[in-house]
Amino acid sequence: MNVSQKTGEYDKELKLGHIDLPYVTVRQSIAFLLLRLIVIEIFASFVVVVFNGFLVSSVTNEAIEPLLVRFNVPIYIFLVILKIILVIYVVLQWVNEYYRITPKEIVHKKGFIFKKEEKCKIYHVAEISLEQGFLGRIFNYGTIKAINWATDKTVYLYLIHNPVRYKNVLHRLIPEADEEKKVIREHIFEG
């Protein structure tokens, strides 16, 4: 098969909206990353305002004022460095926590120093449901619940972006999961 035939097949797949991928990576909604960064910014502003209020109220003698200004600069530098470290930590945490959906399993990976990985086999999923509130519909996030009949645990894809899309992906990987798996499970426990 030459390159033009491969390109033609690729174009057909794009027109049909079907491309086979070995896995899909799903992250928590970016709205929550932005919310965390906004909270850090508000907290840092609050600390600066309180610190300035403390300094202004404590300066009563003009002879002490130059000493406080000299003391003030290192504290501000420390606060800025602390804020930068906190922002980097929050962003790295968001980047390094994700779900990988493959045709065989759902993998939840998290951590950038101490890595943790949880797996759920796709063929063990009995039921898939979506939890999405009012704000979730507005900002397009939600939680997908996948019930693992083998371990009797529920796997949560927590506050992910575009949950309807990934619920459909899981339903395509597990056709008729709700009906088939429950019937098989009933036959196993009855026998």
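## The second largest pocket

The second largest pocket holds about 250 Å³ of space. A pocket is an open set of points on a 1 Å grid over the protein atoms alone, where a 1.4 Å probe fits and protein lies on both sides within 12 Å along at least five of seven lines. Points are joined across faces, edges and corners, and the volume is the space filled by probe spheres set on them. The model is predicted: local features need pLDDT of at least 70, side-chain atom pairs count only at pLDDT 80 or more, and totals for chains, interfaces and linings use all residues. Residues are numbered from 1 along each chain as its sequence is written, and side-chain values use heavy atoms, with hydrogens and water left out.

The lining of this pocket, meaning residues with an atom within 4 Å of a point, consists of 13 residues, and Glu118, Lys119, Lys153, Thr154 and Val155 lie nearest the centre. Two or more lining residues come from each of strand 3 (105-110), strand 4 (116-121) and strand 7 (153-161). Strand 7 gives the most, with four residues. Helices (H or I, at least four residues) and strands (E, at least two) are DSSP runs, numbered from the N terminus.

Four strands form an open sheet in the order 1-2-3-4, with antiparallel pairing; two strands pair if DSSP finds at least two bridges between them. Strand 1 (24-27) and strand 4 each have a single partner strand, so one side of each of these edge strands is left without a neighbour in the sheet.

Strand 2 (residues 98-101) pairs with strand 3 in the antiparallel sense over four bridges. Tyr99 has His108 of strand 3 as its bridge partner.

## Aromatic pairs

There are two aromatic pairs, counted when rings of Phe, Tyr and Trp (its six-membered ring) have centres within 6.5 Å; planes under 30 degrees apart are stacked, over 60 edge-to-face and the rest tilted. The rings of Phe32 and Tyr141 are edge-to-face, because their centres are 4.7 Å apart and their planes stand at 80 degrees. Phe32 belongs to helix 2 (residues 30-58) and Tyr141 to strand 6 (residues 141-148), so the pair ties together parts 109 residues apart in sequence. Both Phe32 and Tyr141 are buried (under 20% relative accessible area; exposed is over 50%, partly exposed in between, with a 1.4 Å probe and protein chains only).

The rings of Tyr89 and Phe112 have centres 5.9 Å apart and planes at 65 degrees, so this pair is edge-to-face. Tyr89 lies in helix 3 (residues 65-95) and Phe112 in the loop between strand 3 and strand 4, 23 residues apart. Tyr89 is partly exposed at 42% relative accessibility, and Phe112 is partly exposed at 30%.
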